[in-house]
Amino acid sequence: MSIDWAALGSVFGVSLVATVALVGLFTLGVVGLSKQESASAQGGSAALARTGAYACFALCAAAVTYGIYLIVS
């Protein structure tokens, strides 16, 4: 039995980058929602913060859905 270390390292690297990207994207969504609340409290418009947060959450959901699609097919 032989282990292809290059392929294993490649899978590890891609998994690490994808995980950090998804967590970062979700964090941006949470920060956007918190900015929306503070902007509303100060009397400003919070539409941009809310839209950006929802876009981040939608991209997270799309990435998870794509990952499930890759596993199932």
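User: This is a predicted model. Why is Phe-26 called partly exposed?

Analyst: The relative accessibility of Phe-26 is 45%. Partly exposed covers values between the buried limit, under 20%, and the exposed limit, over 50%. Phe-26 is therefore partly exposed.

User: What makes Phe-57 buried, partly exposed or exposed?

Analyst: Phe-57 has a relative accessibility of 22%. Buried requires a value under 20%, so Phe-57 counts as partly exposed.

User: How many aromatic pairs are there?

Analyst: The count comes to two aromatic pairs. One of them is formed by Phe-26 and Phe-57.

User: Why is the pair of Phe-26 and Phe-57 called tilted?

Analyst: The ring centres of Phe-26 and Phe-57 are 5.2 Å apart, and a pair requires centres within 6.5 Å. The angle between the planes is 55°. Stacked applies under 30 degrees and edge-to-face over 60, so the pair is tilted.

User: What does the pair of Phe-26 and Phe-57 tie together?

Analyst: Phe-26 belongs to helix α1 and Phe-57 to helix α2, so the pair ties together parts that are 31 residues apart in sequence.

User: Why does Gln-36 count as buried?

Analyst: Gln-36, in helix α1, has a relative accessibility of 17%. Buried means under 20%, so Gln-36 is buried. Leaving aside residues up to four places away in sequence, Gln-36 touches Ala-46, Ala-49 and Arg-50.

User: Is Ser-40 buried, partly exposed or exposed, and how do you know?

Analyst: Ser-40 also has its place in helix α1, and its relative accessible area is 42%.

User: What makes Val-72 exposed?

Analyst: Val-72 lies in helix α2 and has a relative accessible area of 68%. Exposed means over 50%, so Val-72 is exposed. Together with Val-64, Ile-68 and Ile-71, Val-72 makes a nonpolar surface patch of about 440 Å².

User: Which residues of α2 are buried, and what covers them?

Analyst: Ala-53, Cys-56 and Cys-60 are buried in α2. The cover over the buried residues of α2 includes α1.

User: How far does α2 reach, and what is expected?

Analyst: With 26 residues, α2 reaches 37 Å from its first C-alpha to its last. This is close to the 38 Å expected at 1.5 Å a residue.

Conventions. Residues are numbered from 1 along each chain as its sequence is written. This is a predicted model: local features need pLDDT of at least 70, side-chain atom pairs count only at pLDDT 80 or more; totals for chains, interfaces and linings use all residues. Side-chain values use heavy atoms; hydrogens and water are left out. Patches are made of residues with over 30% relative accessible area and no salt bridge: like charges are joined within 9 Å, nonpolar side chains (Val, Leu, Ile, Met, Phe, Trp, Tyr) within 5 Å. Accessible areas come from the Shrake-Rupley method with a 1.4 Å probe; for residues, only the protein chains shown count as cover. A salt bridge is a side-chain nitrogen of Lys or Arg within 4 Å of a carboxyl oxygen of Asp or Glu. Helices (H or I, at least four residues) and strands (E, at least two) are DSSP runs, numbered from the N terminus. Buried means under 20% relative accessible area, exposed over 50%, partly exposed in between (1.4 Å probe, protein chains only). Contact means heavy atoms within 4.5 Å. The expected span of a helix is 1.5 Å times one less than its number of residues. Rings of Phe, Tyr and Trp (its six-membered ring) pair if their centres lie within 6.5 Å; planes under 30 degrees apart count as stacked, over 60 as edge-to-face and the rest as tilted.
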